[in-house]
Amino acid sequence: MNWSALLSLMLMLVQLWPCSPSTQNCSTQNTEQSFTAVRRVKRAWVWEPLFATEEQTSVVPVYVGQLKSDLEKQDGNLKYTLTGEGAGSIFIIDENNGKIYVTQKLDREKKPFYTLRAQAINRSTQLPVEPESEFVIKVRDVNDHEPQFLDGPYVATVPEMSPEGTSVTQVTATDGDDPSYGNSARLLYSLIQGQPYFSVEPKTGVIRMASEMDRETKDQYLVIIQAKDMVGQAGAFSATATVTINLSDVNDNPPKFQQRLYYMNVSEEAPVGTTVGKVCAEDSDIGENAAMNYSIEGDDSDVFDIITNNETQEGIILLKKRVDYESKRRYSIRAKVVNMYIDHRFLKEELFEDKTVVKINVEDADEPPVFTLENYVMEIAEGAVSGSLVGIVTARDPDADDCPVRYSIVHGMHLKRLFSINEHNGTIITTKPLDREIASWHNLTVTATETRNPEKISETNVYIQVLDVNDHAPEFPKYYETFVCENAVSGQLIQSVSAVDQDDSAEGHHFYFLLAQEAANNSHFTVKDNQDNTAGIFTAKSGFRREEQFSFYLPVLILDNGTPPLTSTNTLTITVCDCDTEVNTFYCRYGAFLYSMGLSTEALVAILACVLILLVFFLAILAIRQHRKRSPFPEKIEEFRENIVRYDDEGGGEEDTEAFDISALRTRTVMRTHKPRKKVTAEIHSLYRQSLQVGPDSAVFRQFISEKLEEANTDPSAPPYDSLQTYAFEGTGSLAGSLSSLSSNISDVDQSYDYLTDWGPHFKQLAGMYTSHRSVGD
């Protein structure tokens, strides 16, 4: 870069700011054309204009300016020096004349200013002639940076058909130059690509719609925006950005049918819900703006229906009602389609709907026979003879050839045994008399089959009601047990009766009660009709005797209100009871039983007593057997202090009690105590000892024996009383003496056992052992 270029651009200014070291106060004369020196006292610096530029080359030093002291006499005696930032490297000074040069390229974006110090020194004395002055050199900016779009590429969306001037998006570029000086960082935006649909604001970069655009024509645009610095002047730097603008859909297009006329066919055999065909409308919009609903206009909407397939946006025509080729062979319907979501901004231009015509032909088919009625209801009186007419069903072939049909009864062989049908004319007759009381309704299923095509079958239900005929006479609803006391008085109510009838009366049953003709002269009882389908039986005299007549048989005549009326005679059995004030039904009932068996009351009591005794005896046997299975006296469990004799048999009754003399075991003193076990047998032992102390002839002893005998008889877990022999004690004090020789103070030779023979046959074996032992010893 040469001096002429630097002067022409005027892009850099160096300012020198003289500062006083003593006051540290600097004043700056900021002017672009010249610098004036401020004289202090008598000596001061003289500043000349200095020029430097950013991006200065370092090949040849470039003159910046000159500093000069007013003491300069042009004799070469002064020497100028420069210190501070960049002194000697970036900036140099000619020590003879004070001219300053820049030797390197300057970059304002890296360092915008430099602080330097200048001094003038007398060469002879090497002393400063001026105080050191500090000054700041500011680097003026030059346009050395291009604009940049940091947020690109851009994507924006705007609704189609938006009016002119609608804001789409904004783009922004940045410039690294100084925005506070000159035009280096002042940007200007322009549209390189995108006319005539879009425009951009030069200063802000806002992109706007320049005209209304249709998405259906083109849904995406590529716009190029340029940004220039230096306000677009010559030599300015520039940058571009790409903006992709998408047009979003609005509902500005109505649906349109692809065809103005559709032809379809449907068979008359098609069931309800069959798909007849499809119609389709197109909509240039997308998404919910293309959603549509189909409908049918006119009177044919009751035969056909149309639904919308939301996935394919097709209209599906369905059969809503069965069609008949013989009745109507062709239908013409009008289908309409309309958008589901309407944008009211576009309604003023056109209706967002479309219509088309659909012609539907009905195809003939071989149909099954058709009954004249869906269901038949017939009546017949019960008891009608076999072959009686019930009714007629009729079916015909709906096709043009009118094929003959054949009738039959299905569903249940029992119905076929009651009814039959003429297969040619559909006449239903009975095959046996019907009974309403067995079944009041019969449900038949009748089929009609084409004779030439047996596969064509149809069926219908026939409901046959059996009409009631008064063929059942009224009767008692149950068997009445009637009793009368011997002391009954005349006019006393002894029984209330009612009646039932299996027939079904349309007006409701009404029964009449009276005595039968054969009992009209009966002077014992009367019948009173209560007029509410009940009657009361009253006594006609006072006093009855069982010995004279145990029971009476009263015939009661019951009459219904049927047509013709029916009657029946029902016999009421009245038993005479021996009672005081009220009838004892249980006693009377069994008295009647005995009377029928020819037994007296005493005989019945005897029989019951025998049965009770047998029952008790049987229970006792069961208890004894149960006791044997689990003996209540286990051996080796506890050492007894008494002698217990146990028999395995059931005992001999009184013989066991008479087998020994209990007086031989009695004593007036008790030699030792016994701790009884917590069992029934222990309690028996304890009470038995007490009884021995008072003597067997006392009342206490007899009461004890009776109580224990009763307990043993009634307790199934206790052993039989007569099989348990208990001694109060043994040893000293017994009249019989002790049989043990353990504590004897005499020898066996001195002892005599002859008395054992006097104890009876139960001690015979023991007596024989001791007597034989003695004889041997002797």
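A nonpolar core is a set of buried Ala, Val, Leu, Ile, Met, Phe, Trp, Tyr and Cys residues joined through side-chain atoms within 4.5 Å; buried means under 20% relative accessible area, exposed over 50%, and partly exposed in between (1.4 Å probe, protein chains only). The model is predicted, with local features needing pLDDT of at least 70, side-chain atom pairs counting only at pLDDT 80 or more, and totals for chains, interfaces and linings using all residues. Residues are numbered from 1 along each chain as its sequence is written, and side-chain values use heavy atoms, with hydrogens and water left out.

**View 1. The largest nonpolar core has 25 residues.** Val279, Phe304, Ile317, Val358 and Ile360 have the most contacts inside this core. Among the elements giving two or more residues to the core are β16 (261-267) and β22 (353-363); strands (E, at least two residues) are DSSP runs, numbered from the N terminus. With four residues, β21 gives the most.

**View 2. Ile360 and residues it touches, including Met264, Phe304 and Tyr331.** Contact means heavy atoms within 4.5 Å. Residues up to four places away in sequence are not counted.

**View 3. A cis peptide bond joins Gly152 and Pro153.** Omega is about -5 degrees. Gly152 lies in the loop between β7 (133-138) and β8 (154-159), and counts as partly exposed because its relative accessibility is 35%.

**View 4. Met161 has a positive phi of about 60 degrees although it is not a glycine.** Met161 sits in the loop between β8 and β9 (167-170). Its relative accessibility is 26%, so Met161 counts as partly exposed.
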